[in-house]
Amino acid sequence: MAEIIVPELAESITEGTIAQWVKKPGDKVEKGEFIVELETDKVNAEIISEEAGILKEILAEEGDTVLVGAVIAIVEAGDAAATPAPTPAAEEATPAPAVEAPKAAPAPVVVEESSSTERVIASPAARKLAREKGIDLASVSPVDPQGRVRVQDVAAHGTAPAAPAAKPAEAPKAATPAVDESRVTVEKMSRRRQTIATRLLDVKQSTAMLTTFNEIDMTNVMALRSRKKDQFQEKHDGTRLGFMSFFTKAVVAALKKYPYVNAQIVGNEIHLNNFYDVGVAVSTDDGLVVPVVRDCDRKNFAEIEDAIGGLAKKARDKKLQIADLQGGSFTITNGGVFGSLMSTPIMNGTQAAILGMHTIQKRPIAVGDEVQIRPMMYVALSYDHRIIDGKDSVGFLKTVKELLENPEDLLLES
């Protein structure tokens with residue numbers, strides 16, 4: 001017999017929520033087979049069985065919160081398909097002989113109940129506990145649909161009259177009248193959504209966050225992309241040239257010029273990161289996740305596009321690993337894909353800044369002494385004012401703007 005235990009997924013994860021049982025009690029299970037999906041703060045993890053056999057019992061239902069190390073199911077090793085059947089039959093047969101009744105008779109505590117007790121189907125252990133507690137088995141309500149009284153039923157019967165059970169019942173009563181179910185749909189927050197909410201609130205409360213804005217004329221980037229996209233895709237085995245690689249390269253160049261934007265506060269120290277692991281915010285059905293593209297300063301445009309595309313697919317398929325989400329030094333989020341014209345993004349975790357991209361919109365702007373219609377994008381840099389001064393934040397955003405308006409210069413930065 002083997003126990004299915006919630007594994008250790010990462011140092012920061014202590015619990016999870018049962019998202020889905022792939023197997024049900026009585027199903028055959030192969031060694032290494034995925035049997036339950038666990039939703040954690042960061043990723044969805046697939047838990048496998050270490051033994052081949054039959055899933056005998058599930059100890060945590062879908063939606064339950066379970067701690068790391070908790071036993072959530074039992075697998076009976078081997079081909080146990082026929083094993084469970086004899087067990088209940090054997091147990092049912094146990095109370096049938098009248099041999100037990102004479103043994104119970106000498107006990108003074110059940111003499112008056114002997115006639116009713118003999119008619120109750122109960123396990124020997126339940127009978128023994130009933131004798132010790134002086135409980136008439138006929139008064140015990142069994143959970144078993146066949147009416148068989150077990151030890152748990154006797155134990156519960158003994159504690160049922162306790163009054164404290166009324167206190168928890170008062171909590172839902174206070175909330176229920178406030179919700180008109182004909183007008184409001186109540187939806188439980190997922191574990192990931194709760195975590196996102198908590199962390200974003202923590203960032204706002206624990207940092208001196210400020211946002212500065214600029215706008216980028218996307219004319220030259222769009223023209224270069226239009227000219228080169230087919231050649232790029234053919235050269236790099238189908239990889240498409242998007243805007244994210246341009247922005248990532250521009251961000252890396254700006255981070256090198258303004259290192260405090262790539263820093264973080266640790267206690268009373270400022271840690272300046274000498275690496276460029278850029279997180280890219282990805283929206284999924286379960287909420288926002290920020291997988292990290294490693295060593296962006298060493299990657300070319302195609303490698304960055306491949307990495308972003310691969311991580312986005314893993315996020316949508318719920319295949320991200322903890323390692324995919326850890327260690328970023330800066331984040332880019334693109335609200336423009338949803339049509340956002342302007343926003344103030346909230347920083348990610350302990351990072352010092354985040355760049356927000358927005359939708360490209362044609363607007364009239366002054367070019368020299370003329371007014372022209374150009375594709376423009378507002379960009380926002382939210383930053384921790386404890387580390388980054390206005391001079392660095394504005395300079396960083398201006399560098400990103402200049403590089404994207406003259407995209408050939410990015411090749412010199414690569």
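## Ring contacts and a hairpin in a predicted model

The charged end of Arg-363 is placed over the ring of Tyr-378, at 4.2 Å from the ring's centre. This arrangement belongs to a predicted model. Lys-256 likewise lies over a ring face, that of Tyr-276, 5.7 Å from the ring centre.

The protein chain holds 13 helices and 19 strands. Of its 414 residues, 40% are buried. Its accessible surface is about 23300 Å², and carbon and sulfur atoms account for 52% of that surface.

Strands β18 (residues 360–367) and β19 (residues 370–384) pair in the antiparallel sense over 8 bridges. Gln-361 has Met-376 of β19 as its bridge partner. The hairpin of β18 and β19 has 2 residues between the strands, and Gly-368 there takes a positive phi near 65°.

The chain also contains 2 aromatic pairs. The planes of Phe-246 and Phe-301 stand at 70°, so this pair is edge-to-face. Phe-246 lies in helix α9 and Phe-301 in helix α10, so the contact ties together parts 55 residues apart in sequence. Both Phe-246 and Phe-301 are buried. For Phe-330 and Phe-396 the planes stand at 45°, so that pair is tilted. It links strand β16, which holds Phe-330, to helix α12, which holds Phe-396, across 66 residues. Phe-330 has 0% relative accessibility and therefore counts as buried; Phe-396, also at 0%, counts as buried.

| Aromatic pair | Centre distance | Plane angle |
|---|---|---|
| Phe-246 and Phe-301 | 5.1 Å | 70° |
| Phe-330 and Phe-396 | 5.5 Å | 45° |

Terms used. Residues numbered from 1 in each chain as written. Predicted model: local features only at pLDDT ≥ 70, side-chain atom pairs only at ≥ 80, totals over all residues. Heavy atoms only, no water. Pairing = 2+ DSSP bridges. Helix = DSSP H or I, 4+ residues; strand = E, 2+ residues; numbered from the N terminus. Buried < 20%, exposed > 50% of the residue type's maximum accessible area, 1.4 Å probe, protein only. Areas by Shrake-Rupley, 256 points an atom, 1.4 Å probe, with all protein chains shown as cover. Phe/Tyr/Trp six-rings, centres within 6.5 Å; stacked < 30°, edge-to-face > 60°. Lys NZ or Arg CZ within 6 Å of the ring centre and 35° of its normal.
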